[in-house]
Amino acid sequence: MGRKRAVLEYLESLPLVDHHCHGTFEADVDRAAFEAALTEAEAGGPPGVSMFDSQIGFALRRWCPPVLDLDAHAGPDDYVERRADLGAAEVNRRFLAASGLRALCVDTGHAPERILGPAALGELAGADAHEVLRLETVAEQVAAEGVDASGFAAEVRSRIEARAPSVVAAKSIAAYRAGLEMPGHRPSDAEVAAAAGRLMRHLEPRVREEPLHRFLVWCAVDAGLPVQFHVGYGDLDADLRRGDPLLLIELLRAMNDAGVPAMLLHNYPFHRNAGYLAQVLPNVYVDAGLAMNNLGHRAHVLLCELLELAPFGKVLYSSDAYGLAELYYLGALLFRRALAGQLAGGVDDGAWTSGDARRVAEMITRGNAERVYGI
Amino acid sequence: MGRKRAVLEYLESLPLVDHHCHGTFEADVDRAAFEAALTEAEAGGPPGVSMFDSQIGFALRRWCPPVLDLDAHAGPDDYVERRADLGAAEVNRRFLAASGLRALCVDTGHAPERILGPAALGELAGADAHEVLRLETVAEQVAAEGVDASGFAAEVRSRIEARAPSVVAAKSIAAYRAGLEMPGHRPSDAEVAAAAGRLMRHLEPRVREEPLHRFLVWCAVDAGLPVQFHVGYGDLDADLRRGDPLLLIELLRAMNDAGVPAMLLHNYPFHRNAGYLAQVLPNVYVDAGLAMNNLGHRAHVLLCELLELAPFGKVLYSSDAYGLAELYYLGALLFRRALAGQLAGGVDDGAWTSGDARRVAEMITRGNAERVYGI
Amino acid sequence: MGRKRAVLEYLESLPLVDHHCHGTFEADVDRAAFEAALTEAEAGGPPGVSMFDSQIGFALRRWCPPVLDLDAHAGPDDYVERRADLGAAEVNRRFLAASGLRALCVDTGHAPERILGPAALGELAGADAHEVLRLETVAEQVAAEGVDASGFAAEVRSRIEARAPSVVAAKSIAAYRAGLEMPGHRPSDAEVAAAAGRLMRHLEPRVREEPLHRFLVWCAVDAGLPVQFHVGYGDLDADLRRGDPLLLIELLRAMNDAGVPAMLLHNYPFHRNAGYLAQVLPNVYVDAGLAMNNLGHRAHVLLCELLELAPFGKVLYSSDAYGLAELYYLGALLFRRALAGQLAGGVDDGAWTSGDARRVAEMITRGNAERVYGI
C-alpha cells in the first residue's frame, strides 16, 4: 500500500487536462434537482428508489462532503442543505478549485439551464479554458435563422471555418440522433440540401438525419479540427443500440486518411471495442468520461478494461461534467485514484518500472491531450 | 476478512426473496440426467467432457455435498449416489430448507418433467410461494382448445385478467422465440388475429411471432401485472443474437409510460446494458439469475458488473432454479457471498459505511422485490 | 502466494499444445518493423505514440529481455539492438526453446514475409509440429491457376480431401472477408459456381463472398477436419462489427449435427459469448489467443472471463504468434501465469481442490487439444 500511496501522491501533483466537459449550474438546486442531475436518468427515481443509492451517489457522499466542511458519508439531505447554505457560487468555487486541473475543454453546445461558460470555469479552476464547438448546434442555428436550403451547406461550412481558430475541437452528437452507423464518404450536395430543407421546416430545428451529421463531421475535418464523438453511455436519448463505436469504423478510417484525430468519448459499455479502435487506427483516441463518475467505486475496473488494447499514448481524461460542480471534482479524483491503483499495482507486481508508471501517468493525465489538441 | 465475515453473517441472517424460479424434480435422477440439468447444455457434454468440470460443477461440489452429509468437494459419482440413497423427497427438503428464503415467485409455465409446484416448494422452503404467469402458455392453451381466430385475443386477454389477482407477475419468453426486438406500440387487432390463425393451425401450438408476444405483454400491462422478461443467457434456443436487452428499449419505454414495472431476468453477458436500462428507465428492474449459479466462483464479478450503473433500489435476487433442488440453495448461497463480498469490500475501503451496506443488503435481498411486487 | 508459486511451478512443468500459430520471421527486423509486428496496428503509431507503450509492449519488456541476456524492463532501442546483435536465427532459437511446448499447430496460409514453416518451428521448439490448412488459400490457388468456374468446386474439394490426412485442422478466415454471419446449410452448386466465376476474374483472387467461405467450411467438414474460425480481435481488416461468434451459431449447429468440432479463436472482446457457445454446443471449443498476448498484465482477467461459462474440457491454448519469436514465448508465459493464478486462487479460497486444479491444468494446457485433434 505504501507504493500505491506514493504513486497516488505523485498523480495528485499532476494537473489534469479535462478534455471534455460542459458548464456548471449558476443557481442553487434542491434535492430533487440535485438527484436528477446526478445520473443519466431524467429524474431521481420511482417511489422508493433514490439515485443517491447508487455507485455515483455513494462515491459523491464519500468524497464531496469534506469539500463543504461536512464529514465524509454525510446523508443526502444534510449534504444538499449544506450546499444551499453555502450557495452555488461558493460551491462551484470550492469544487473547481479542488479539481487540480491544468486545462478544460468545454462543449458549449448544450445549455438548457443557466450555466457558467468556459472563461468562468477556467477562472474558478485556475486552469486554461478551451472551447469545443458542437457541430449540430451550428447547423440548428443556421436552420433557425432561415437561410434557404441551397445556401445551408455553404453557410454552415463557413461558420465552422470561422470558429475553427478559436476552438480546440468539434463535437458530434450523431449518437443521440441518427446513431453512429455512418459511411466514410462525404454526403452529396443534393443529400445535404434535401435534408436541410426538411430540417428547416421545423420551428425548433434538430439535426436528426445521418447525412447531415456526417456533413458536419466533414466540415470539421476540412477545417482541421479534431472531432469528439459521443459514444455509448448517456441518457435515454443516447440510444445504446446505435452507440457502439464499431459502427463508426468507416468514418474513422476516412478521417484517418484525412489526417484528423477522432476522440471517442465515454464508450461504456463498449469501451473494449473503443480500445481496439485506438490500437488499430492511428487517429483514434479514447476516454471513459461520464462512466468513471457513474461507476464510482468501480471506476478502476473500467479504466483497466479501457487500457487493455488502447495504447497508453491514445488515452485521455475527461469528466463529462455537466451542471453539478461536484462532477468535475469527483471525476478528477476517481480518475487519479483509478490510474494510480493500476499503475502502482503493476509496479508492485514487477510488471513495469516506476519510471514507466510515471511516464504513462504524464501521458494520460495531460500529455496526450496537449499533443493532440496542440494546447 | 473479519469485516467480510461479519457482513456475510449478517446477510445469512437475511431471508431472500427469490423472485424468479421454477419447480424442482419430484423423481430421482441418474448421473447423466443430473449433469444435463446442471447447465444450459442439452446433455452432459461430448466424450471426454464432463459438465461437472465447469464453474457451476465445481461450485456445486464445493457447497452442496455437506448438505447431504458428504465432505465438500465430493466426486460426481459419489455425490449422485448419495443423492439417490437419500431419495428426491429428502434431497428437495434439505436444499429448500437450507436456502434461507422468505418468498419464492414461481414461473409455472414450463414443466416438461414432473416437478413440484409453488405450494410444495413454499412448504419445503418455509417461505411464502407466489405464482408467475407465463404468458405464452396461456396463449398456447387457448390456441390448443380451438377458439376461432377472431375470438382468440379476447379469450387470452380475459384469462390473463382472470389470473391477475392470484399471481404476482407475468413472464414473457419472447427472447426464446421471436427475439427481444419489439416496437413499443400495441399490435393491431388484425395482426393478432392473423398470427393467431397461423398459430392454431399447429397441433401443438407454440407462439413464435413477434406481434403475439407483444400482444401478450400488453395484456399483462393492461391487467396491471409487472412483466418478467427472459433476457440473454439460456439454453441454445435462447438465441443470444436477439437477446440483448437494449433491443427491448421501445417496449420498456412504453411500459414506463403505462406505469408498469419490467423485470429483466438473467441478462448475462449483457448485464451492463441491463444496468444502464435500470438507471435511465424508472420502471426497469434487473437481476443476474441463472448466470450467478453458472459462474460459480466468478459470481461476485457478475454482481459487481451489474451494480455498476443499476441503482441499488432496482436490483433483485433470483436463482432461476429448475429441476435440481441444489440450484435454489447454491443460487442463494453464491448470491449472499457475492453481495457480502462487494459490500464488505466497500466498507473496508471506506467507500461507504456499514450502515449503508446494511441498507443496500436489505433492499437487494428482499426490500426491492417486496415493494415492486407488493408482497 | 506460496500455493500460487507451487501451482505456477507445476504448470511450468507442463508442456503446452499451441493449437494455433503462424511462422516466425527468418530475417532481422529494425525497430519500426518490430513495433509494427507487435500489435494489430499496421504501423508503430502516429507521431508521439509508441506501440511499446501498451500492455503488450510492457509485458514484452518485462519478460523477454532476460532471454536475450538483458535486464527485465530494458528499453525498446536497447532491446531491438540486442536482438539484431544476436541475429534472427539465435533469437528464434532462444524464444522457441524457452516456450515449453509439446506441439504446435501452424496455420501455413498467411506468409507475406519470409517465415519459418512448421518443421523448422517444431525443431526449434523441440515440439511436434502439425499443419493447419487455410481454406481460403486453397480456393485462391485454384482460382489463380485458371480452372473453369464449373470445375472450381470439385477441384477445391478434391485438394482439401487430398490434404486432410496430413493436416490436423482447417482454418476459415471468413471473419476477415464476409463476416461470421453464415447460415447453416450448404450453398448450392450454382451459388458456388457463380461466386467462383466472379473470383476468377481477378488477377490476385481473394475469397470475399459468404457462400464461398461457407462452401470451404463444408469441404473441411466433409473431409472430417476440425475447423478453426478466426473470431473477433485482429487487425483493421478483421471487421469486429461482423466478428461476434454469435453470428456463427447456425453454422456451428449444423457442424454439430455433422459431428465435427469447431474451434473459435481469439474471441476478444466477445469471449463471454464464445464461452456460452462452448457450453451449449457440444462441438464448440474456444481459446483467447492473440488477445492474451496483447492484454499483457491483464491476460488473467481475459482467461477468467472466458472460463465463466466455457466448460474446462472445451478450452484450448494458442498464442496466434506471427513473425516475432517473442510472441510464442510471451503467449505461453502469460497463459501459464494466468491459468496458475486462477487455479491457485480457487484452491486458496477453498473453491476447488488442488487435485481438481491439477486436472483442469492438464486439460487446458494439452489434454483438450490432444483429444480433439487426435495428436
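This passage describes how the chains of a predicted model are arranged, how they meet, and which local features stand out.

The model is predicted, with local features reported at pLDDT of at least 70, side-chain atom pairs counted only at pLDDT 80 or more, and totals for chains, interfaces and linings taken over all residues; side-chain values rest on heavy atoms, with hydrogens and water left out. Residues are numbered from 1 along each chain as its sequence is written, while chains are lettered from A and ligands numbered from 1 in the order in which they are written.

Two copies of a chain are related by a rotation about an axis and a shift along it.

The interface between chain C and chain A brings 32 residues of chain C into contact with 35 residues of chain A, contact meaning heavy atoms within 4.5 Å. The size of an interface is often given as the accessible area lost when the parts come together. Between chain C and chain A the buried area is about 3000 Å², and carbon and sulfur atoms give 59% of this area (accessible area, 1.4 Å probe, that two parts lose on being put together, summed over both). C:Phe58, C:Leu236 and C:Arg241 supply 24% of the area that chain C buries against chain A, more than any other three residues.

One of these residues, C:Arg241, also has a charged partner: its side chain meets that of A:Glu250 in a salt bridge (2.9 Å, N to O). A salt bridge is a side-chain nitrogen of Lys or Arg within 4 Å of a carboxyl oxygen of Asp or Glu. Chain C and chain A share 5 salt bridges, along with 15 residue pairs in polar contact, both residues at pLDDT 80 or more. A polar contact is a pair of N or O atoms within 3.5 Å; within protein, one must be able to donate a hydrogen and the other to accept it, and residues adjacent in sequence count only if both atoms are side-chain atoms.

On the side of chain C that touches chain A, helix H3 (55-63), helix H14 (291-295) and helix H15 (299-306) each supply at least two residues. Helices (H or I, at least four residues) and strands (E, at least two) are DSSP runs, numbered from the N terminus. H3(C) gives the most to this side, with 4 residues.

Turning to the other neighbour, the contact takes 35 residues from chain C and 32 residues from chain B. The area buried between chain C and chain B is about 3000 Å², with 59% from carbon and sulfur atoms. There are 5 salt bridges between chain C and chain B. In one of them, C:Glu308 pairs with B:Arg298, the closest N and O atoms being 2.8 Å apart. Helix H12 (249-257), helix H13 (271-280), H15, helix H16 (326-348) and helix H17 (354-373) of chain C give two or more residues each to the side that touches chain B.

Within chain B, B:Glu308 forms a salt bridge with B:Arg272, the closest N and O atoms being 2.9 Å apart. B:Arg272 lies in helix H13 and B:Glu308 in the loop between helix H15 and helix H16 of chain B, so the pair ties together parts that are 36 residues apart in sequence.

Some backbone details remain. Most residues other than glycine have a negative phi, and most peptide bonds are trans. The peptide bond from A:Tyr268 to A:Pro269 is cis, with omega near -5°, and A:Pro269 is found in the loop between strand E6 (262-266) and helix H13 of chain A. C:Asp69 has a positive phi, near 70°, and lies in the loop between H3 and helix H4 (76-86) of chain C.
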